[in-house]
Structures are given as structure tokens and as C-alpha cells.
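Me: I would like to learn how to read a structure, one feature at a time. Where do we start?

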Amino acid sequence: MNATPSNPLIGAVASARAEALEQIADAERLVGSGKELVRALPALLGDDRPKRYFLAIENLAEARATGGLVGYGILDAVKGKVSLTHLGFISELGSGVFPGKPGPTPEFQKMYERFGGAAFWHNINMSPDFPTVAANIEKLFPIAVPGGHLDGVVSVDPVGLAGLMTLTGPVKVEDLSQPLTAEEVVRFTLSTAYSMEPRPAARKEMLGVVAGDVWAKLLSINLSAERLARSFAPAVEEG
């Protein structure tokens, strides 16, 4: 396509050529990312040694820079098998219990110290740069949970849950007459749950249970690479 002449072309043909080149470039980036993921996947899934990941479940209704207020779980990967071994409130990890703890970078410390800096789990993701947030979580988690080594951080929000639920199917939620579906989960987590349950702790528990059930179902079913690709393609395209 690059080798085709760019002029003289009539307007419609020139536009079509430019659009095709743009789409090919996007596809090339996606394929390149996919190839790198495939190369890294065995190690990520614990082929060489057991791996432990912090699962940040972000509630978009309580906004933070990377998405929303974090609930958390722990994912353990051993020889390709991934399991959700813990699901809990971020408050379990302490609230402002690391006074004076420096942030992952001087810039982070300067910008976010007034929100708790690197010390306040409820504002742990005030930075919009997710790798910086992840580095901070990896740094603080062993302090909050002695011996709690992490190999990485994974994040999911209600939109991501909706994508996962196209694979897992609906989940049952206490006090709902019908199972929660992929089409309804975003509205439920951002709005309906707040009218159903005014108590913050109980509401967060409800949202965490939904996320935990989705992850547990996802990890317990056998999926083809094609089904996985079709489900996750929209999320990849949207960044």
C-alpha cells in the first residue's frame, strides 16, 4: 500500500488510500503488541515460578485519575493456572499509615503529597499514569502486608467487567431479582447500587462481590483463543 502512488489521485481514491494506510498502521501496532504479549504470557502466568498480582478493581462512580476508587484482590498464577485468592476493601491495607513515605518519583511526591502522597491507599491512583501507580502499589503492599511480594498490578473497571461478562455470562447479585448481565453491569455499578444500598461499606462489598464472581467464573471456564480475542478486541481498540 505504501508503494502505491499518492498522486495524481481523485479525491475519493486519495481519501480511501489514506484511510487504508491508517488502518494498516493501527493493525500493525495491535499485532506487534499481541506478539509481545504471546512471548511474555508463559512467564506472566507462572511457568517459570509462581506469580502474584494485585487486582485493582476501580469504581468509576468515585473517580480517581486512572479510573476510580480501588477495591482489591490478589491473583496467583502457577504453571498457567490463575486463581483469585483474596478479595477485600482497600481499607484493609491501612489508611494513611505510611507517613513520610516517599512517592515513586519526585514529581509524584510534589503533585500528590496533599492527597496523601504515596501513603494513602484511598488515593493511591491519583496519578493518571498507571505504571507509576502500579509501582507505588508494589512498593507499599509489602509494608501493609508483611511479606506480601507482588509481581505486578492488573486493573479492571466496570467497562472492563462488561467485556469479561460477555465471556462468563451473568452473575447473581443478592437483592436483585434477576442475574446481572454484561449490558447492565456499568449502570449497576455507577448508579443502581447507590440507590439500592446507601451504606458505603455494604455498597463497596456488593461491587467487590460482583467483580470477584466475574473473575472467578472467568478463571474456571475453558475459552478458545478466538473467543478471548473477540471479547477483548473492543477494549484493546479503545485503549
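Me: Which residues in helix 3 are buried?

Reply: First, some ground rules. This is a predicted model, where local features need pLDDT of at least 70 and side-chain atom pairs count only at pLDDT 80 or more, while totals for chains, interfaces and linings use all residues. Residues are numbered from 1 along each chain as its sequence is written, and side-chain values use heavy atoms, with hydrogens and water left out. An α-helix has 3.6 residues a turn, so residues three or four places apart point the same way. In helix 3 (residues 130-144), the buried residues (under 20% relative accessible area, 1.4 Å probe, protein chains only) are Thr132, Val133, Ala134, Asn136, Ile137, Leu140 and Phe141.

Me: What do the buried residues of helix 3 pack against?

Reply: They pack against strand 1 (51-64), strand 2 (67-78), helix 2 (106-112) and strand 4 (152-156). Helices (H or I, at least four residues) and strands (E, at least two) are DSSP runs, numbered from the N terminus. Packing here rests on contact, meaning heavy atoms within 4.5 Å.

Me: In what order do the strands of the sheet stand?

Reply: Strands of a sheet pair through backbone hydrogen bonds, either parallel or antiparallel. Here an open sheet of 4 strands has the order 3-2-1-4, with mixed pairing (at least two DSSP bridges between two strands). Strand 3 (81-88) and strand 4 are at the edges with a single partner strand each, so one side of each has no neighbour in the sheet. Strand 1 and strand 2 are antiparallel, over 11 bridges.

Me: Is aspartate 76 buried or exposed?

Reply: Aspartate 76, in strand 2, is buried, at 13% relative accessible area. Its side chain makes a polar contact of 2.7 Å with that of arginine 52; such a contact is a pair of N or O atoms within 3.5 Å, where within protein one must be able to donate a hydrogen and the other to accept it, and residues adjacent in sequence count only if both atoms are side-chain atoms.

Definitions and conventions. The expected span of a helix is 1.5 Å times one less than its number of residues. Buried means under 20% relative accessible area, exposed over 50%, partly exposed in between (1.4 Å probe, protein chains only).
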